[in-house]
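Biologist: Before we turn to particular side chains and helices, could you bring up the model, so that we can go through it question by question?

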Amino acid sequence: MKALFDNVSEICSKNVTNAYSTSFSLATKMLAPSIRQDIYNIYGFVRFADEIVDTFHDYDKATLFANFDRDMDDALKQKISLNPILNSFQHTVNKYNIDRALIDSFMDSMRQDLTKSDYLTETEYKQYIYGSADVVGLMCLKVFVKGDLKKFEQLKESAMSLGSAFQKVNFLRDLKDDFEGLSRTYFPNTNLNALDEASKNAIIKDIEEDFAKGYQGILMLPSDAKFGVFMAYRYYNKLLKKLQKTPAIEIKNTRIRVPNYEKFGLLTRSYVKYQLKLVK
């Protein structure tokens, strides 16, 4: 009855995605059924790791993270885990032969969030983004190309750029929560107590460059993945435009959102563009 347990595990990963992120969940639903569940499996894993370091403040986060890391390692080696999220994740990792170095880089960045609060240099900043976002994009890319190494190498750089863009938008949107709630600042050489329009615009310009590189990769994705990734790109680009129009002082004091009705409107317009072959 292992198949029943695996099915329960996959349902858990899907439920985690739906509960924690309406935008990512919506984009994942636009992927072909052949790859959709594997993206749920990846998201469930990265979400749980992130939750440990970001929200479990009343618990020993270092111990929880160490246990999760150990259990993840066991799951990958034994190809089973009684933790349903790790069980579904190991299935996807082993199915597509996802490089362990990508997973370790992700866990290293999450581990930094336990103790590190400032990223003072461009090197530190880029290293953190690589581990927290770029490698997640690369894990998903392995699924999108269904393990095709040639296609993976062809799209690797653009997938990393898109992952970077998504993460930087999150950093800018969550500026207040990260700074006040978690005492973290990710953007180097930026005084968040005195964030001005020039600093904000420099950050946005950097994100726009990442988006431009990432979009070129979307155009070359297999059809099973293209519309779902395009949908995620459109959502984050919409969020970036809202941040661009929001005064810097407001970004410091509130969390900018895209309401659900706008997300669904964006979905409709994106679908029309895709069907009219405007994404090509």
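Biologist: Is Ser-158 buried or exposed, and at what relative accessibility?

Modeller: This is a predicted model, and in it Ser-158 has its place in helix H8, which covers residues 149–173. Buried means under 20% relative accessible area, so Ser-158 counts as buried, at a relative accessibility of 12%.

Biologist: Leaving aside its neighbours within four places in sequence, which residues is Ser-158 in contact with?

Modeller: Ser-158 belongs to helix H8, and the neighbours within four places in sequence are set aside here. The residues then in contact with Ser-158 are Lys-213, Gly-214 and Gly-217.

Biologist: Turning to charged pairs, which parts does the salt bridge of Lys-95 with Asp-38 tie together, and how many residues apart in sequence are they?

Modeller: Lys-95 forms a salt bridge with Asp-38, and their closest N and O atoms are 3.1 Å apart. Lys-95 lies in helix H5 (residues 84–96) and Asp-38 in helix H3 (residues 33–55), so the pair ties together parts whose separation in sequence is 57 residues.

Biologist: Where do Lys-77 and Asp-73 lie, and how many residues apart are they?

Modeller: The side chains of Lys-77 and Asp-73 meet in a salt bridge, with an N to O distance of 3.0 Å. Lys-77 is exposed at 59% relative accessibility, whereas Asp-73 is buried with a relative accessible area of 18%. Both residues lie in helix H4 (residues 61–78), about one turn of the helix from each other, and the separation is four residues.

Biologist: What separates Asp-108 and Arg-111 along helix H6?

Modeller: The side chains of Asp-108 and Arg-111 meet in a salt bridge, at 2.8 Å from N to O. Asp-108 counts as partly exposed at 41% relative accessibility, and Arg-111 counts as partly exposed at 31%. The two are three residues apart in helix H6 (residues 100–112), and therefore what separates them is about one helical turn.

Biologist: What is the orientation of helices H1 and H5 to each other?

Modeller: Two packed helices are described by the angle between their axes and the distance between the axes. The axes of H1 (residues 2–20) and H5 come within 8 Å and cross at roughly 100 degrees. Angles of 65 to 115 degrees count as roughly perpendicular, and H1 and H5 are therefore roughly perpendicular.

Biologist: How many nonpolar, polar and charged residues does the contact of H1 with H5 have?

Modeller: On the H1 side, the residues that meet H5 include Phe-5, Asp-6, Cys-12 and Val-16, and on the H5 side they include Pro-84, Ile-85 and His-91. By class, the contact of H1 with H5 has five nonpolar, five polar and three charged residues.

Biologist: And what is the orientation of H2 to H3?

Modeller: Helix H2 (residues 22–29) packs with H3 at an angle of about 155 degrees, the axes being 9 Å apart. Angles over 145 degrees count as roughly antiparallel, so H2 is, relative to H3, roughly antiparallel.

Biologist: Which residues of H2 and H3 make the contact?

Modeller: By class, the contact of H2 with H3 has four nonpolar, one polar and two charged residues. H2 contributes Phe-24, Thr-28 and Lys-29, and H3 contributes Arg-36, Ile-39, Tyr-40 and Tyr-43.

Biologist: How many disulfides does a search of the whole structure find?

Modeller: Cys-12 counts as partly exposed at 27% relative accessibility, and Cys-140 counts as buried at 9%. For disulfides, a search of the whole structure gives a count of zero.

Biologist: Where is Asn-97 found?

Modeller: Asn-97 has a positive phi of about 55 degrees although it is not a glycine, and Asn-97 is exposed, with a relative accessible area of 59%. Its place is the loop between H5 and H6.

Note on methods. Residues are numbered from 1 along each chain as its sequence is written. This is a predicted model: local features need pLDDT of at least 70, side-chain atom pairs count only at pLDDT 80 or more; totals for chains, interfaces and linings use all residues. Side-chain values use heavy atoms; hydrogens and water are left out. A salt bridge is a side-chain nitrogen of Lys or Arg within 4 Å of a carboxyl oxygen of Asp or Glu. Buried means under 20% relative accessible area, exposed over 50%, partly exposed in between (1.4 Å probe, protein chains only). Axes are lines fitted to C-alpha atoms, for helices over the stretch in contact, and angles run from 0 to 180 degrees between N-to-C directions. Angles under 35 degrees count as roughly parallel, over 145 as roughly antiparallel, 65 to 115 as roughly perpendicular and the rest as oblique. Contact means heavy atoms within 4.5 Å. Ala, Val, Leu, Ile, Met, Phe, Trp, Tyr, Cys and Pro count as nonpolar, Asp, Glu, Lys and Arg as charged, and the others, Gly among them, as polar. A disulfide is a pair of cysteine sulfur atoms within 2.5 Å.
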